[in-house]
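Could you walk me through how to read this structure? I'd like to take it one feature at a time.

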Amino acid sequence: MSKPRVVPLVPQSPFAPRVDRPWQRLRGFLWGIGLGLGWGMTAPAMAANQLAIRVGPFQQSIQISDLEYFAQTGHVPTDLRLYAPLLTDQVRYALRSRLHLDPNVGDKLVEDLLHSSSGERFLNTLQVAIPSASPAQLRATLMQAARRPDGMSLLGLLRSFPEDTVTLDAASAVALASQVNLPYWQSQTLSSVLERELTVDSPPLRSRIDPSEMGQQWVWKQSLTLRDYQRDRSIPIDLYWSRRTQGPLVVLSHGFGADRRFLSYMAYHLASNGISVVAIEHPGSNVAWLTSNSLDKAGVNAMSTILPASEFVDRPKDVSFVLDRLQQMNRFSSRLRGKLNTEQVTIMGHSLGGYTALALAGAQPNLKHLRQFCNDPTPIAFSPADLLQCNAADLPETVDKLRDSRIAQVVLLNPVIGRLFDQKSLEQVDVPTLMLASTDDAITPAVSQQFLPFTELKTSQKYLLTAIGATHLSVGDPANLNHSLTQSIFVRERPDEETKALRELLQGVSLAFIKQLTPEADRYKPFLSPAYAQSFSTQNIQLRLNADLPPNFTNWLKVAALPMEQIVSGTLAQRRQAAQQNLCDLNPDCLMNNLPLVMFILPGGLPLAATQLLRRRKRNQKLEAIEDTTEASQDS
């Protein structure tokens, strides 16, 4: 390869004028999508030589050979001078990185994906970012990528496109990068495998009752705010009950950036069937907290306050505090006496609420395990859930025991688990557990956040509810979600009508699961069966319920998780780029453009990008200062 003229790669000053913002946002795309979609392939008959980047009506072409030279040497060719501020070490790392997989396994995963409804949706989205490509071209390119014996790379993808020029729509590419991360891709590739392996042949279920239907009892609702003076927290709650109550009290814990109304339909459903419910709102991670601490209002310091580390302790303590107060109401309130069984509690948590439920059920966070993961300075393979969890790495070495002995069951909906809990932590959970995993969830990808942790649970009663094609917010109450999210290219969410069957099944399965703590356990046991769940499947979402997983299921999970483990183990060895970190500390725009994630969804507004969740800057800077002081004293 001939050597192009080069200019030194100089980091852009944080005080330089901000121009060509779309091009700067492209950096996040190149970094984020480089490993999520970056597959190298054997060259087809015609190989691409140019990359045409389109921003609105403007288009600029660059030579792929110039990108190759930059990837090899770290120098910026003269023809790429305009893009020098974007060509960071992280972008070079993404261009150079390869995933080494068994070609036979990779070929099978891609083939399964392309023959599933998830694969079709993924190709449609990818085609928006690469408008010059036809579906047939993209399919052929991906299949060819899986057979490459020496690994997969972004430059290989560009070179293998069967036209001389690859056209990239920058705005759509940035949107795609915000949706796609490697853990999410791994979950997508398993969709057709899951549909096949988790299907159980069984006769249709016949019963005179249907637990998915609203009960006959009239529901009362009361909103209260409980004040915890010891922790200086005000905790809003909604109570739901009926005249004739039985069974455990159900606690609902919402996810990050949501509120106590996220599962309102579930609260009404359970209460109409005689189950009392309390929906808790966590003041340090609800939508009000998120909006009051927006980046626009708080500036750089907001990066470390979007989710305080203390919230990972305060959330479980919120639940225990509320149970203490409700226990008093159950004894002394004329209206609620005898209706709040706080000695036997089922907790249902969505997303970060799933973490809350597990912590209360006995899973103690393993901070050493978490910090090893979060110290990676190049989070290319991280999902939003991974970044969210890394805020907990700033907790003190010793964390109070969070287990509450009153928790008798847990229901985990798209839970955040990942690196917060290791196998030893999950083995401490000994109560019946029902877990929901959605294969199209880009926030808490199913493989790393649900499937693998589920296999590590040792409780004798556990159920995996798999929603093939569902997304992170599919179980949310449609009356309390922003419907524009289903129309946004930035958010991969399904319309309400497509997710209705999942919510109906969840109502039925949850009621049957909770009823196992009542004298009606045998009557409702048949609804905790594969046949019942599969009967709710639709063309858009296939539903499966399994207590026993097929023998080869764990092997498939390990195959899917392997690429991420390879990347993480490789990047952990890299040293932080201190100079670039210092620049970003001074420049919010640098922070916003330097990481491709996270998209957290506000129920009534726009997505909020939280891009610095895993950079424990203050902690690391203190450690580095101590190390520098020690080295200086030794030198002297």
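**Reading the fold, step by step**

Q: What should I know about the model before going on?

A: This is a predicted model, where local features need pLDDT of at least 70 and side-chain atom pairs count only at pLDDT 80 or more, while totals for chains, interfaces and linings use all residues. Residues are numbered from 1 along each chain as its sequence is written, and side-chain values use heavy atoms, with hydrogens and water left out.

Q: What is the mean pLDDT of the protein chain, and where does pLDDT stay under 50?

A: pLDDT is the predictor's confidence in each residue, from 0 to 100. Here the chain's mean is 74, and 64% of its residues reach 70 or more. Residues 1-45 stay under 50, and the model has 132 contacts beyond four places in sequence for them. Residues 294-304 also stay under 50, with 21 such contacts. Contact means heavy atoms within 4.5 Å.

Q: How many helices and strands are there in the protein chain?

A: There are 26 helices and 16 strands. Of the chain's 636 residues, 59% count as buried. Take the contacts between residues at least 6 apart in sequence: 80% of them join residues at least 24 apart.

Q: In what order do the strands of the open sheet come?

A: Strands of a sheet pair through backbone hydrogen bonds, either parallel or antiparallel. Two strands count as paired if DSSP finds at least two bridges between them. In this structure, 9 strands form an open sheet in the order S6-S7-S9-S8-S10-S11-S12-S13-S14, and the pairing is mixed. At the edges sit strand S6 (220-228) and strand S14 (542-546), each pairing on one side only. On average, neighbouring strands of this sheet are turned by 15° against each other, direction ignored.

Q: Which residues lie on each side of S10?

A: In a regular strand the side chains alternate between the two faces of the sheet. In S10, Val345, Ile347 and Gly349 are on one side, Thr346, Met348 and His350 are on the other, and all are buried.

Q: Which strands does H14 lie across?

A: H14 lies across S6, strand S7 (233-241), S8, S9 and strand S10 (345-350), at about 55° to S7. Axes are lines fitted to C-alpha atoms, for helices over the stretch in contact, and angles run from 0 to 180 degrees between N-to-C directions. Helix H15 (residues 352-360) packs on the sheet too, touching S8, S10 and strand S11 (407-413), and its direction makes about 150° with that of S10.

Q: Which residues of the largest nonpolar core touch the most other members?

A: In soluble globular proteins, nonpolar side chains tend to be buried together. A nonpolar core is a set of buried Ala, Val, Leu, Ile, Met, Phe, Trp, Tyr and Cys residues joined through side-chain atoms within 4.5 Å. The largest one here has 69 residues, and Ile237, Leu239, Val278, Val322, Leu326 and Phe451 touch the most other members. Helix H14 (residues 311-332) gives the most to this core, with 8 residues.

Q: Is Arg260 buried or exposed?

A: Arg260 counts as buried because its relative accessibility is 17%. Arg260 is found in the loop between strand S8 (249-253) and helix H11 (264-272). Its side chain makes polar contacts with the side chains of Asp238, at 3.0 Å, and Glu281, at 2.7 Å. A polar contact is a pair of N or O atoms within 3.5 Å; within protein, one must be able to donate a hydrogen and the other to accept it, and residues adjacent in sequence count only if both atoms are side-chain atoms.

Notes
Helix = DSSP H or I, 4+ residues; strand = E, 2+ residues; numbered from the N terminus. Buried < 20%, exposed > 50% of the residue type's maximum accessible area, 1.4 Å probe, protein only.
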